[in-house]
Amino acid sequence: MHLLLFIFVLTISSLEAQGTDLADAVAGILLKNYQDPFAPALLSQAFVSGKNSRIKQDDLLNSIICALDGKIAIRFNVPSRNPLRRPWTHHVWLVDSYEAFGSLYHALDVDSYDYSGRYLIVHSGNPKRAELLQIFKDLLKQQIVNVVFVGVFEGEVELWTYVPFAPGSCFAVNLIMLPDEHWIDDFYPDKTSTLHGCGLKVGAFETRPYTFLEYLPSQEMVLGGFEGDLLKALRQKLNFKVTVLVPPGNAQWGYAFKKNSTGLIKMIQEEEVDFGIACLGVSTARNEILKPGDVHYTTALVISVPPGRPYTSFEKLFRPFRLVVWMALASILVVALITIAVVHRMSHQVKYFVFGRGVGSAVVNLYLSFFGMALHVVPSGTFARTLLCLWILHTFIMRTLYQGSSFKYLQLSLTRPPSRTLNDVDATDALYHVIDVGARYYEAFPERTKRLRFLPPVKDNLAARLMWMTQHQDSPDVMMSGLDHVAYHNRQYRRRPGGFVRIAKESIAVFTITIYYPKKSTLTRQFNRQIRRFLAAGLMDYWVQRYGDYDFTEQIDGSAGPKPLSLGHLVGTFELCGVMMIVSILVFLGELASVKRLSWQKWL
């Protein structure tokens, strides 16, 4: 009887010691890796072995809480009416069997749980090695890799984890037994610092200069462009291989929905690829169904506008002076004509004083003086000195300036200024050509929405449309694209006649670009860390500048040096001369008709 009592007491003492060791191990892990002022630990319990298992878990939980001594905030996983602002990142699962683990595992969802967060699984029962391996396999299916398993194996507390990437073993459970909590500082090291040459599937399509699709001699598809350069740097830094997959049917970006998304967004959402990179702008709709990385590039959405209408040869005659100068000249002529009309009705003494003796037609003298021509009858008196000053002003100053500027403007192939703002575009009959997912930028402008036209789903449709604009410069239609699309086009075709594409000074929106991952992805944190280093080193700006010409100042043909005038340059002067000849003929015919109509003679 005494022997049985001794064995019972020894067994109870052993179980209590195991429970204390298990609680100390759990508390040690929590104190070292779960202290976060903004992320409390979410505690979830599950048991299937009955009341005794519940009592054992409660005792274990009390020991853990006592060991923590209030240093970590713990939140019990109970139903709450308040919606979550963000998924839980720190988890503690208290289970007594694989079935209990399964009940918590099947309750996982990406809206409430951050799959890249930290998970601590505490087994209060008697776990088996096969059970441990199966738990890790299930977690790997959900890409939950930051996990530590704590349990009592053969009377000893053991800590286990796994790595998904190892030499020759990719996306597999590679078990690692951790040392005692007293000998390790970080139970959740970064397990993606190197991928050991494992292959990743990348979703992309061609939209230059962000991404190019290129083929090696082995027919392997590789990604170029400055986002391709970013991918290459990530591949070299993290040691992984790349397989590029393209959305079927030239779907490109695609729409983002909870279900039935399209294009590249669908491939990422359904985990057909490990991540997507192809000028993917950050948006609320995409963030709801995908996991965005850090923004690695910021640009602008701009409107590519056609060149203004070319000036006619006659319009070029008015280009040497600005409008204010022409208005001043016109004012002088109007004042002179009014003065002549008023003086003409006064006495001869006044006429002789103002016009001079022998001046039969003051209007003719005005005309001849304005164009710097010789006068048939030279005026006299004080008005002669005034007329001399005006003649010097127009002949030696205004006419010389006009002639000098005329040589410049007659030689140039000038056009009217293109549309500067969206209001200028709206004032025309231009249509807005955009990609299908770009329509959201016009939802607040119903009048513009009516004028939207979607680009056809062809390979690199933005580049194709830019080329179309250079070949149809008489079309008033405009196109929305990234600033870098236009810069790349101008770098390739600026020196070709008509190859330069202009942009409006007013942009549509700021456009931030990132890499998108599936919601369960475990790659995001390591990729973000490397991308931040690239940005700090200025590599992204260096890569971008290699592919584009960001000087959007138009270079005017003929500004490099003088050219001899040709007959084509003088068409406007011939037109003006023809108009004046017609006017002269009409005046001559009027003089002939005035012989029979005496009332006309005083005007002609």
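This report describes salt bridges, aromatic contacts, annotated spans, a sheet and a helix in a predicted model.

## Basis of the values

The model is predicted, so local features need pLDDT of at least 70 and side-chain atom pairs count only at pLDDT 80 or more, while totals for chains, interfaces and linings use all residues. Residues are numbered from 1 along each chain as its sequence is written, and side-chain values use heavy atoms, with hydrogens and water left out.

Helices (H or I, at least four residues) and strands (E, at least two) are DSSP runs, numbered from the N terminus. A residue is called buried under 20% relative accessible area, exposed over 50%, and partly exposed in between (1.4 Å probe, protein chains only).

## Salt bridges

A salt bridge is a side-chain nitrogen of Lys or Arg within 4 Å of a carboxyl oxygen of Asp or Glu. The whole structure holds 11 salt bridges. In one of them, Lys459 meets Glu206 with an N to O distance of 3.8 Å. This pair links distant parts of the chain, 253 residues apart: Lys459 is in the loop between β16 (452-454) and α15 (461-471), and Glu206 is in the loop between β8 (198-203) and β9 (212-215). Lys459 counts as exposed, at 52% relative accessibility, whereas Glu206 counts as buried, at 7%. Salt bridges that share partners join Glu206, Arg208 and Lys459 into one network.

Asp229 and Arg546 form another salt bridge, with their closest N and O atoms 3.5 Å apart. Asp229 belongs to helix α5 (residues 225-238) and Arg546 to the loop between α18 (539-545) and α19 (571-594), so the contact ties together parts that are 317 residues apart in sequence. Asp229 is buried at 15% relative accessibility, and Arg546 is partly exposed at 41%. A further salt bridge joins the side chains of Asp426 and Arg451 (4.0 Å, N to O). Here Asp426 is in helix α13 (residues 422-426) and Arg451 in the loop between α14 (446-449) and β16, 25 residues apart. Asp426 is partly exposed, with a relative accessible area of 25%, while Arg451 is buried at 17%.

## Aromatic contacts

Rings of Phe, Tyr and Trp (its six-membered ring) pair if their centres lie within 6.5 Å; planes under 30 degrees apart count as stacked, over 60 as edge-to-face and the rest as tilted. The whole structure contains 22 aromatic pairs. Phe275 and Phe527 make an edge-to-face pair, 5.3 Å centre to centre with 65 degrees between the planes. Phe275 is in strand β12 (residues 275-281) and Phe527 in helix α17 (residues 524-536), so this pair ties together parts that are 252 residues apart in sequence. Both Phe275 and Phe527 are buried.

Phe534 and Trp543 also form an edge-to-face pair, at 6.2 Å centre to centre and 75 degrees between the planes. Both Phe534 and Trp543 are buried. One aromatic cluster is made up of Tyr210, Phe212, Phe226, Tyr297, Tyr488 and Tyr547.

A charge sits over a ring if NZ of Lys or CZ of Arg is within 6 Å of the ring centre and within 35 degrees of the ring normal. The charged end of Lys191 sits over the ring of Tyr162, 5.5 Å from its centre. The charged end of Arg448 is placed over the ring of Phe445, 4.4 Å from its centre.

## Annotated spans

An unreviewed UniProt entry places the feature "transmembrane region" at residues 323-343, 355-377, 383-402, 499-517 and 567-589. UniProt positions are given in the numbering used here, feature names are shortened, and annotations may be inferred rather than shown by experiment.

In the model, residues 323-343 are 100% helix and 0% strand, with end C-alpha atoms 30 Å apart. Residues 499-517 are 0% helix and 58% strand, and their end C-alpha atoms lie 38 Å apart.

## A sheet and a helix

Two strands pair if DSSP finds at least two bridges between them. Seven strands form an open sheet with mixed pairing, in the order β2-β1-β3-β4-β5-β6-β7. Its edge strands, β2 (74-76) and β7 (169-178), each pair on one side only. Within the sheet, β4 (residues 113-123) and β5 (residues 147-153) run parallel and are joined by four bridges. Tyr119 has Val147 in β5 as its bridge partner.

Helix α16 (residues 483-493) has eight of its 11 residues buried, so it is largely enclosed by the rest of the structure. Among the buried residues of α16 are Leu483, His485 and Tyr488.
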